[in-house]
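Have the structure open as you read.

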Amino acid sequence: MSSLFGARVQRVEDDRLLRGKGAYLDDLGEDALVAAFVRSPHAHARITAIDVSAALDVDGLVAIYTCEDLPERLAEPLPLLIPHPSLTHARTPHPLASGEVNHVGEAVVMIVARDRYVAEDAEEVIDVSYEPLPAVVGIDNARRAEYLVHADVPGNLAARAAQEHGNAAAAIAAAPHVLELDLHIERSASTPLEGRGVLARWDSQAGRLQVWTSTQTSTGVRAAVAAKLGLDLADVDVITPDVGGGFGVKIVHPWPEEVLVPWAARELGRPVKFTEDRREHFIASAHERAQEHHVTVGYDGDGRILGLDVRFWHDNGAYVPYGLIVPIVTSTQLLGPYKPEAYRVEFDSLYTNTVLVTPYRGAGRPHGCFVMERTIDAIAAERRLDRTVVRERNFIQPEEMPYDQGLIFQDGRPLVYDSGDYPALLRKLKDLVGWDEFAATQRAAAKEGRRLGIGLACYVEGTGVGPYEGGHVVVETSGKVKVATGLTSQGQGHQTVLAQLVADELGVPVADVEVVTGDTRRFGYAVGTFASRAAVMSGSAATLAARKAREKALRIAAEALEVSAHDLVITDGVVHVKGDPDSGIGLGTVAVLSNPLRYAFDEAAKAATQFAGGTDMNRPPVAEGDEPGIEGRAFFSPVRSTFAAGMHAAIVETDPDTAEITIVRYCVVHDCGRLINPQIVEGQIHGGVAQGVGGALYERMAYDETGQLVNASFMDFLMPYVSEVPRRIEIDHLETPSPLNPLGIKGAGEAGVIPGAAVLAAAIEDAEGIPIRSMPMSPSDLFELRRLRSQETA
């Protein structure tokens, strides 16, 4: 049986999902009552009165709750998930607004009714009186602080943090060349196909709560619900059904609905369900991306960076439940594959009266990549050097690995790159896109009146963030293998990859391995799915668990076959002597033998009963320190993150008349260590590139000056269709194994999206000859840049 590691095993999830047999949150709980919410129409206002009397006569209404109706523990603000010493003025939302609302869409009243139609009928007649307050919208207004989002937060400043290695100011002052740039990334959002949702059932006799939720962390929701409802952790089960996309918005927990719905289910003694509609997702979930950067860089005549100083401002929205993770990631991952002699970064995280900001695929990395790559290109333009040459001169070299950037990463541990070969990645990318030949292509196109441009962007991605994940592997008496892990899946192919790893370790077909994720009944300790960590963390844990199971299976089989365990192998589910496949016994039979029985329930079980013979009567049936069954349970906890890397190149064409931007070619070279399943990795890259294109050319959350989101629907919020995503994404791989985990792997989940804005900005700039300092770039934006240039040259 050949190794499955590195094989293009077909996804095991797809057959069920493509046949419509998936079970998403809203497919569940047909007998449940339904919750809906009255949400604030104002970005900033005091709540002066709530009159629910008109709703009490609505037929089918079951309950109405305001903040005053909630028990004290539940009415308190939701937890700050990731505290940080620099986060001196953290504010998190109440499950239901208490006295004041701070963004359009904030929940004020909860309604429980027979169905959603009735709930919304009641919602329409509930009268909430508001005293509008000035809204703070955008980074500039937040910095100006003429008005405050939270009256007790001076300057709208949630946090200010800085890190430095070397003396950047001195290095810049001594540098022969200095540039300053102002760069801007607009706000966008995850917008998964399925919004948020939660279903809860309370078993009053058992005193147990069951919760189903569309989340990226079932164990996190479990802990939060238990804490808010005053329950023991063991009395709460959280199950994650099929999830129609997450991309970061569902790593936040608990959302208000995730504690309110379980509480209402317990109060009413009836199952209760909430399913978010699309407008709610726009105005009541989370956004990301918006940052403004000022860069000062000093460099020598060859383009080598001597000192880099980055000052940026991060719009965190009205609340910061997820702490400072996004700006911390931006500030540290900005460096990419480069090694400036000195670097200083400082950021302010600012409150605005807009939807809260939490990680969205890339989680701060696209901003940092955009800033660094625009800076490198500006140096190349000023020095009149090839853009690839400036990159080569600033790369960390392979022999310098592991490389310490002298900063603290988002996991609170040193930012040390474990492995990588950035010059090799660049060589592969240049060959793939035809970098050296492009100038001739560009000149030929220009003669035809066409505008072509090429760009490239490099990035390093911290993946496999701790603290831990676990795995449990059980060999059934049928020979089938059950695997459980606590993290959740939102379409990444976890069931395939974990089955592939376990099947490889146990010598069984992939089809004989069943993987369950995100069910606290099956595995209660986990962290969650985010930061490209599933394969590194759960993959390593499942592998270690499978090795434990394999070791026990070989030991028991060796006793039965009267041979040394070292002489045995497992092939196609049969344990046999090496070189003699006919000498063995099935893995299922070994599982039977591992569990001494008093009663025989089938023919196979007879072999494990007390009168079957072949047992040593001087030993107990289950040896001291042993357990019945063929099982393995293991946890993996790395010393620090592992760092993947990649480089993208794009060729674009811009229309001379309409300024429409068309992607002609898109190339990716990626290094995520050893590839478990290249097809899965490439699928992740394809999806990420699509989101990167969306963020670079189409998607922006447009707020007016009063804090109203004016494009809160798919009619107005632009996302790329299939016609806008490159038809063919050309991919090549480099494998530099990580020394930090037993598989030598790195994460790949966010690789496709990180350099999207940077690479397309570079290509547009090359086509137009106009500096691109802000993204996304629509045809209207490009048309305006052309107009401004023509005015300047007139």
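What volume does the largest cavity have? About 200 Å³. Before going further, note that this is a predicted model, where local features need pLDDT of at least 70, side-chain atom pairs count only at pLDDT 80 or more, and totals for chains, interfaces and linings use all residues. Residues are numbered from 1 along each chain as its sequence is written, and side-chain values use heavy atoms, with hydrogens and water left out.

**Cavities and a pocket**

The search works on a 1 Å grid over the protein atoms alone: a cavity is a set of points where a 1.4 Å probe fits but cannot get out, while a pocket is an open set with protein on both sides within 12 Å along at least five of seven lines, and lining residues have an atom within 4 Å of a point. Points are joined across faces, edges and corners, and a volume is the space filled by probe spheres set on them. Across the whole structure, 5 cavities of 30 Å³ or more turn up.

Around the largest cavity there are 22 lining residues, and Pro93, Trp255, Pro256, Ala284 and Leu356 come closest to its centre. For the second largest cavity the lining has 15 residues, with Arg289, Pro366, Gly695, Ala696 and Ala757 closest to the centre. Helix H17 gives the largest share of that lining, 4 residues, and helix H18 (756-768) joins H17 as an element giving two or more. Helices (H or I, at least four residues) and strands (E, at least two) are DSSP runs, numbered from the N terminus.

The second largest pocket has 27 lining residues, and those closest to its centre are Glu559, Leu593, Pro596, Thr615 and Pro621. Helix H15 (residues 534-561) supplies the largest share here, 5 residues.

In the table, Ala, Val, Leu, Ile, Met, Phe, Trp, Tyr, Cys and Pro count as nonpolar, Asp, Glu, Lys and Arg as charged, and the others, Gly among them, as polar.

| Space | Volume | Lining by class |
|---|---|---|
| Largest cavity | about 200 Å³ | 14 nonpolar, 4 polar, 4 charged residues |
| Second largest cavity | about 130 Å³ | 7 nonpolar, 5 polar, 3 charged residues |
| Second largest pocket | about 840 Å³ | 13 nonpolar, 6 polar, 8 charged residues |

Two strands pair if DSSP finds at least two bridges between them. S27 (residues 661-671) and S28 pair in the parallel sense over 5 bridges, and Val668 stands opposite Ile731 in S28.

Together, S27, H17 and S28 make a right-handed β-α-β unit, meaning that, with the strands pointing away from you, the path from the first strand over the helix to the second runs clockwise.

Most residues other than glycine have a negative phi, and most peptide bonds are trans. The bond from His253 to Pro254 is cis, with omega near -10°, and Pro254 sits in the loop between strand S11 (236-239) and helix H7 (256-268). Gly466 to Pro467 is also cis, with omega near 10°; Pro467 lies in the loop between S18 and strand S19 (469-475). Finally, Ala531 has a positive phi near 55°, in the loop between strand S21 (513-517) and H15.
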